[in-house]
Amino acid sequence: MVLGSWCVNQFKDAGEHPEDIGYMPFPITIKGKQAASSGGQYAFAVNNKASVDNQIAAMVYIKWLIEQSTIYDDEGSIPALKGKDLPDSLSEFDGVELLSDNAPAEGEESLYDDIRNTAEVLSGDYPVTEVLEAALYGKKTLDELMEEWNKKWTSAQESYSVEITG
């Protein structure tokens, strides 16, 4: 199931066999290196209209939450603080480069959607159906499916003159 890392422990707590629940990065590589998005689910903020005392208290709380609390281990999610160890539930992310989601450049606001729709690998229910059919009928292995999707994605990128750098 494609969800965020925040739900891993909830799934484990809901079933009789938590050892059967795992979480892995979506299989995408950039120049041969496994990568995963690490964009936050929520953002922390301080109300600039609050009193100075409340602003200071909020900043201290956010600092504690990010640097010292166990919230990311408790939830099994990617820590907000760069360089902090991943929780055990994300052991499959060992060696994966975590990337931050940046806003698109001006004029490229629809580029991701355009590529996704052209590649037809992340649009609607079709990818889920392909994975289920492969699993149920053994028509393709996961490696074959991922190789096919990578080719479609690369072709779609090329059709929009996208060049991967970095």
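Colleague: Which residues of α2 are buried, and what makes them count as buried?

Modeller: This is a predicted model, by the way. In it, the buried residues of α2 are Ile62, Leu65 and Ile66. The word needs a relative accessible area under 20%.

Colleague: How do you know which side of α2 they are on?

Modeller: Ile62, Leu65 and Ile66 are the buried ones, and they cover an arc of only 90° around the axis, so they sit on the same side of α2. Over on the other side, Val52, Asp53 and Val60 are exposed.

Colleague: And what do the buried residues of α2 pack against?

Modeller: They pack against α3, residues 71-75.

Colleague: How do you know whether the span of α2 agrees with its number of residues?

Modeller: Take 1.5 Å a residue: the 16 residues of α2 should span 22 Å. The end C-alpha atoms are 22 Å apart, so the two agree.

Colleague: Now Ile56. Where is it found, and why is it called partly exposed?

Modeller: Ile56 is found in helix α2, which covers residues 52-67. Its relative accessible area is 44%. Buried would be under 20% and exposed over 50%, so a value in between gets called partly exposed.

Colleague: What makes the nonpolar surface patch that has Ile56 in it?

Modeller: Val46, Val52, Ile56, Met59 and Val60 make the patch, at about 440 Å². A patch residue needs over 30% relative accessible area, and Ile56 has 44%, so it passes that cut-off.

Colleague: On to α6. How do you know that its buried residues share a side?

Modeller: In α6, the buried ones are Leu145, Met146, Trp149, Trp153, Ala156 and Gln157. They cover an arc of only 105° around the axis, which puts them on the same side of α6. On the other side, Asp143, Lys151 and Glu158 are exposed. The buried residues of α6 pack against α4 (111-119) and α5 (126-137).

Colleague: What span should α6 have, and how far apart are its ends?

Modeller: Helix α6 has 18 residues, 142-159, which should span 26 Å at 1.5 Å a residue. Its end C-alpha atoms are 26 Å apart, so that agrees. Just after α6, Ser161 takes a positive phi of about 60°.

Colleague: Last one: is Ser77 buried or exposed, and why?

Modeller: Ser77 has a relative accessible area of 11%. The limit for buried is under 20%, so Ser77 is buried. You'll find Ser77 in the loop between α3 and β3. Leaving aside neighbours within four places in sequence, Ser77 is in contact with Ser5, Trp6, Tyr72, Pro87 and Leu90.

Conventions. Residues are numbered from 1 along each chain as its sequence is written. This is a predicted model: local features need pLDDT of at least 70, side-chain atom pairs count only at pLDDT 80 or more; totals for chains, interfaces and linings use all residues. Side-chain values use heavy atoms; hydrogens and water are left out. Patches are made of residues with over 30% relative accessible area and no salt bridge: like charges are joined within 9 Å, nonpolar side chains (Val, Leu, Ile, Met, Phe, Trp, Tyr) within 5 Å. Accessible areas come from the Shrake-Rupley method with a 1.4 Å probe; for residues, only the protein chains shown count as cover. A salt bridge is a side-chain nitrogen of Lys or Arg within 4 Å of a carboxyl oxygen of Asp or Glu. Helices (H or I, at least four residues) and strands (E, at least two) are DSSP runs, numbered from the N terminus. Buried means under 20% relative accessible area, exposed over 50%, partly exposed in between (1.4 Å probe, protein chains only). The expected span of a helix is 1.5 Å times one less than its number of residues. The arc is that of the directions from the helix axis to the C-beta atoms. Contact means heavy atoms within 4.5 Å.
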